[in-house]
Amino acid sequence: AAATAPTTTEFDFKTYMGERAVAVNQALDAAVPAGEPPAALHDAMRYALLAGGKRVRPALCLAACSVAGGREAWAMPPAAAVEMVHTMSLVHDDLPCMDDDDLRRGKATCHVVYGEPIAVLAGDALLSLAFKHMADVESYPADVDTDKHAARVVRAIGELARCIGSEGLVAGQVVDLEMTGSTETVPLDRLEYIHLHKTAALLEASVVIGAIIGGGSDEQIERLRKYARSIGLLFQVVDDILDVTKSSEELGKTAGKDLASDKTTYPKLLGLEKSREFAEKLLCDAKEQLADFDKEKAAPLLYLANYIAYRQN
Ligand code: GRG
């Protein structure tokens, strides 16, 4: 993508995201019991969940609900649920048996603070809580047709389960782990498989669930699914480009760390220019899917795509 984002005064994206993050944080805070036994488990869940994070997935879910014709508040339970799933995937990803990371969101990782067994179980409990939270009849909005809403919730739960399971996020993590430590260059189709499953699948679930809860038509839901897949892949391509360009800047050289490291990235397979062109294409594809929606309601999704494309870290 280009180095600078298009400027406009039509939509205040920063304020939009800030307000959504506050609302989502409140929902997450209320969803996990504080001080209830087993204290270590609930503390660990809250520690991981309330540690910050950009809350991109909940914002996508809320925005998709609105663009599909629903009231944004209808999607708050699933928006909180996708963040619970995202957080548990980070907790497990950081474990010594996976990426073995000590820092996450600027803080010590969950297993460093609470120990490995509790970190594994806090992840399990967050995954379970996500589905409980979505299914909870108590959280149904007052202004919906209960039967219609219940059918949408069931469909959304199925969508989330499919996107994160052995055909989705978990599959992406497994194939990624299989590649780790290998000296072989990962072929492009395998790299794309990893990113589409490990990263794009949960972004897809976030958007599609929001659209289902918002009462979108099947055609609208599928268009938004395509939008989400494009921004999911875009997220990783941009990540790879930033890895190279940032480390080049740091080193004051033309070749960055990532071009020399073992990790396969888009710049390594395609070169920097072709990677940038690919990112541009993905951004265009994503925006194309929004063309037939109400312009004002689609603005957050448009800006979220731009944000993913033009972010600097
Ligand atoms: C989901 C059942 C289940 C198990 C998890 C460990 C594992 C299986 C998967 C790992 C998935 C993983 C770590 C994917 C990377 C996702 C990603 C792009 C993280 C960064 O997202 P940001 O930038 O982070 O939105 P913040 O901190 O802002 O939320």
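Helices and strands are taken here as DSSP runs, with helices of at least four residues and strands of at least two, numbered from the N terminus. The model described is a predicted one. Under this numbering, Pro-38 lies in the loop between α1 and α2, the latter spanning 39-49. The peptide bond joining Pro-37 to Pro-38 is cis, with an omega of about -5°. As background, most peptide bonds are trans, and most residues other than glycine have a negative phi.

Helix α1, formed by residues 13-31, was examined together with helix α3, formed by residues 56-67. The axes of the two helices come within 10 Å and cross at roughly 100°. Angles of 65 to 115 degrees count as roughly perpendicular, and α1 is therefore roughly perpendicular to α3. On the α1 side, the residues that meet α3 are Met-17, Arg-20 and Val-24. Their counterparts in α3 are Pro-58, Ala-59 and Leu-62. Sorted by class, this contact of α1 with α3 comprises 5 nonpolar residues and 1 charged residue, with no polar residues.

Two residues other than glycine have a positive phi. Arg-55, in the loop between α2 and α3, has a phi of about 60°. Arg-55 has 24 other C-beta atoms within 10 Å; because 20 or more such atoms define a buried residue, Arg-55 is classed as buried. Asp-100 has a phi near 55°, again a positive value in a residue that is not a glycine. The position of Asp-100 is in the loop between α4, residues 76-93, and β1, residues 103-104. For Asp-100 the count is 11 other C-beta atoms within 10 Å, and since 12 or fewer define an exposed residue, Asp-100 is classed as exposed.

The loop between α4 and β1 also holds Leu-95. This residue is partly exposed, as 17 other C-beta atoms lie within 10 Å, a count in between the limits for buried and exposed residues. Setting aside residues up to four places away in sequence, Leu-95 touches His-111, Glu-116, Ala-119 and Val-120. Leu-95 and Ala-279 are 184 residues apart along the chain, and their C-alpha atoms are separated by 31 Å.

Conventions. Residues are numbered from 1 along each chain as its sequence is written. This is a predicted model: local features need pLDDT of at least 70, side-chain atom pairs count only at pLDDT 80 or more; totals for chains, interfaces and linings use all residues. Axes are lines fitted to C-alpha atoms, for helices over the stretch in contact, and angles run from 0 to 180 degrees between N-to-C directions. Angles under 35 degrees count as roughly parallel, over 145 as roughly antiparallel, 65 to 115 as roughly perpendicular and the rest as oblique. Two residues are in contact if their C-beta atoms, placed from the backbone, lie within 7 Å. Ala, Val, Leu, Ile, Met, Phe, Trp, Tyr, Cys and Pro count as nonpolar, Asp, Glu, Lys and Arg as charged, and the others, Gly among them, as polar.
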